[in-house]
Each structure stands twice: as structure tokens, then as C-alpha cells.
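Hi,

Here is the structure I promised to pass on.

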Amino acid sequence: WWAEVGLKPEFVVYPAGAQQIAGAASKSWDVSSTGSPPAVLGSQRYDIVTVGLTNDESATNAVLARKDKIAAIKANPAKEIKGQQILLSPNSTGEYATMACLKKWGIQRSEVSIVTLAPAQLVSAYTGGNGLLAGTWAPNTYTLNEQIGAEVICSGKDAGAMVPGALIARREFATANPEAVQKFLAVYLRAVAYQKANKAEFMSYLRKLFEAN
């Protein structure tokens, strides 16, 4: 599909949105897909523009708890969570959803101990027994469930937080290459249409992607 529109992209992968956005300063990428908090951060710091919205990620950005803690937390979240450690990746959709969940539970950010970790380190730390809760996103949520049986106790959707994904571009690149950005969007939209029309085939690709990650 890229070749059909005359593009030959090179893909750069980042562990999380914060590192991805910082990469714009060195022109490591031209167009990208990211979470809404990194997109907002990028617009303020690196002159990044949002050129499209991808999807509603509110259900897949969530707070997870260990199975043996869920009942107690649901019964009295303020009592169980205040003063405890919550593992988060900074400036991320996971952090945004977690803050919404804390608000839903009537808990201030200052009333918990936030431990900031990159996504891979967060998964390792939580599976290793650190922290009461972990705030992250798919596929990390699936990994934690598979490895230690952790379950979602509150998602962005549960807490009323809209978490849209964003398609972004460096303003300098977009201004100089508007047609390239349009072609990028066209291929993205074609991929979305394909996924909707070929769900079974798409799911097999998605499983392979998660296994590779």
C-alpha cells in the first residue's frame, strides 16, 4: 500500500510516547502514531501537529491490581490505595487513565506514591512483586494478566476519561511535504477499513505482533 501511493517508509519504534516525542527534536521521524498525552506534550515542546485521530483507547488504558487484592480495593479503594505505590510510565496514556481512576476513587495524586518506569521495566517490576497497582496500556495489560493473573480494576472508560490516539507530524516536515502527509493518512485509513472488513485475518496478524513484542 505504501508503494501504491509512492512512499517508502522507514519505521522507528519507541518504548513509549515520551521517548517518541523527544525523538522529534533530532528529526528521527516525520509522521507518527502516538497517545494523546504525548501528542499534547509534543505540540508544546517540539512544534508537533496532530493531523488525525486513530481510535478510542479509553478501555485499553487501565489500572491493574493483583487478583488477591481486587476484592478489598473494590470494597474500599481509599483505604487500600492511599499511601501505596502505583507503577506508571510518565507522560503516557496509562498515566492519564490512572489519574482519572484515582479521581473516581476520591484519591489525590499526592496521597499515593508514584513510581515512574519505562513500560518494559514496569512490567518486570510489577511481575516481580513491586507496587500495589500498575497503570499501563495494551498489550502490557495482557502481559501482566497472562504472567501473574493481574486484572483491570479501573480503565479510562470506567473513569469517564476519553483517551484518543493521535496521528502526528513534525510541523516543519508537514509544511514542506503536505502531500506525503496526506498519503500517510490515506494508507492509515485504508488499513483501518481493511481491519474492519477482514477481522479474522487481521486478528491473526495482531496475535503475531503481540507475540513478537
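Let me start with the strands: S3 (residues 61-65) and S6 run antiparallel and are joined by five bridges. Within that pairing, Ala62 has Thr136 of S6 as its bridge partner. S6 also pairs with strand S4 (residues 85-88), this time in the parallel sense, over three bridges, and there Ile86 stands opposite Leu133. Strands count as paired if DSSP finds at least two bridges between them; the strands (E, at least two residues) and helices (H or I, at least four) are DSSP runs numbered from the N terminus.

Before you go further: this is a predicted model, where local features need pLDDT of at least 70, side-chain atom pairs count only at pLDDT 80 or more, and totals for chains, interfaces and linings use all residues. Residues are numbered from 1 along each chain as its sequence is written, and side-chain values use heavy atoms, with hydrogens and water left out.

Back to S6 (residues 133-137): five of its five residues are buried, so the strand is largely enclosed by the rest of the structure. Buried means under 20% relative accessible area, exposed over 50%, and partly exposed in between (1.4 Å probe, protein chains only). Leu133, Gly135 and Trp137 point one way from S6, while Ala134 and Thr136 point the other way.

Now the cores (sets of buried Ala, Val, Leu, Ile, Met, Phe, Trp, Tyr and Cys residues joined through side-chain atoms within 4.5 Å). The largest nonpolar core has 16 residues, and those touching the most other members are Ile73, Ile81, Ile86, Leu102, Trp105, Leu133 and Ile153. At least two residues of this core come from each of S3, helix H3 (67-75), S4, helix H5 (93-104) and strand S7 (151-155). A second, separate core of nine residues includes Leu122, Ala125, Ala134 and Ala150.

Two last bits. Gly17 lies in helix H1 (residues 17-22) and is buried, with a relative accessible area of 12%. Not counting residues up to four places away in sequence, Gly17 touches Thr34 and Pro38. Leu209, in helix H10 (residues 199-212), counts as partly exposed at 45% relative accessibility.

Cheers

Methods. Contact = heavy atoms within 4.5 Å.
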